[in-house]
Amino acid sequence: MAADLFKALADPTRRTILDELAEKSGQTLFEICSRLSMKHRLGISRQGVSQHLAVLEAAGLVETRREGRYKFHDLNTAPLRQITERWPLPDTSGPEESTP
């Protein structure tokens, strides 16, 4: 799972898609394509965005739900927690040293 996660995060377009989903979750493919085109000036096809979303979904970073004809994409940050739990920062909240 970690390999899929790092592979998904390695691509700048996928990170931009995640940024957009963090800003507004529950977007359709059309909305994501529009935002990438208008806001980020990315000239990427619907099929290209769909392939990026498939990689993000395989890594667990994007979850989808269907409502009628529409498929909505939501950001899932749970896999990112696995990274922080694997390499936690040392506790620096110990007693402070006093200076004379």
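Tutor: Helices (H or I, at least four residues) and strands (E, at least two) are DSSP runs, numbered from the N terminus. Keep in mind that this is a predicted model, where local features need pLDDT of at least 70, side-chain atom pairs count only at pLDDT 80 or more, and totals for chains, interfaces and linings use all residues. Residues are numbered from 1 along each chain as its sequence is written, and side-chain values use heavy atoms, leaving out hydrogens and water.

Now the packing itself. Ala2, Leu5, Phe6 and Leu9 of H1 meet Pro79, Leu80, Ile83 and Arg86 of H5. By class, that contact has 7 nonpolar, no polar and 1 charged residues (Ala, Val, Leu, Ile, Met, Phe, Trp, Tyr, Cys and Pro count as nonpolar, Asp, Glu, Lys and Arg as charged, and the others, Gly among them, as polar). Two packed helices are described by the angle between their axes and the distance between the axes. For H1 (residues 2-10) and H5 (residues 78-86), the angle is about 110 degrees and the axes are 10 Å apart; the axes are lines fitted to C-alpha atoms over the stretch in contact, with angles running from 0 to 180 degrees between N-to-C directions. H1 and H5 are therefore roughly perpendicular to each other, a label for angles of 65 to 115 degrees (under 35 is roughly parallel, over 145 roughly antiparallel, the rest oblique).

Staying on H5, glutamine 82 lies in that helix and is partly exposed, because its relative accessibility is 40%; buried means under 20% relative accessible area, exposed over 50%, and partly exposed in between (1.4 Å probe, protein chains only). Its C-alpha atom is 30 Å from that of leucine 42, 40 residues apart along the chain.

Elsewhere, there's a hairpin to look at. Strand S1 (residues 62-67) and strand S2 (residues 70-75) run antiparallel, joined by 6 bridges; strands pair if DSSP finds at least two bridges between them. Arginine 66 stands opposite lysine 71 in S2. With 2 residues between the strands, glycine 68 in this hairpin takes a positive phi near 65 degrees.

Arginine 41 also has a positive phi, near 55 degrees, in a residue other than glycine. Arginine 41 sits in the loop between H3 and H4 (46-58), and is exposed at 67% relative accessible area. In H3 (residues 29-38) you'll find arginine 35, which touches Glu20, Glu23, Lys24, Gln27 and His40, leaving aside residues up to four places away in sequence.

Terms used
Contact means heavy atoms within 4.5 Å.
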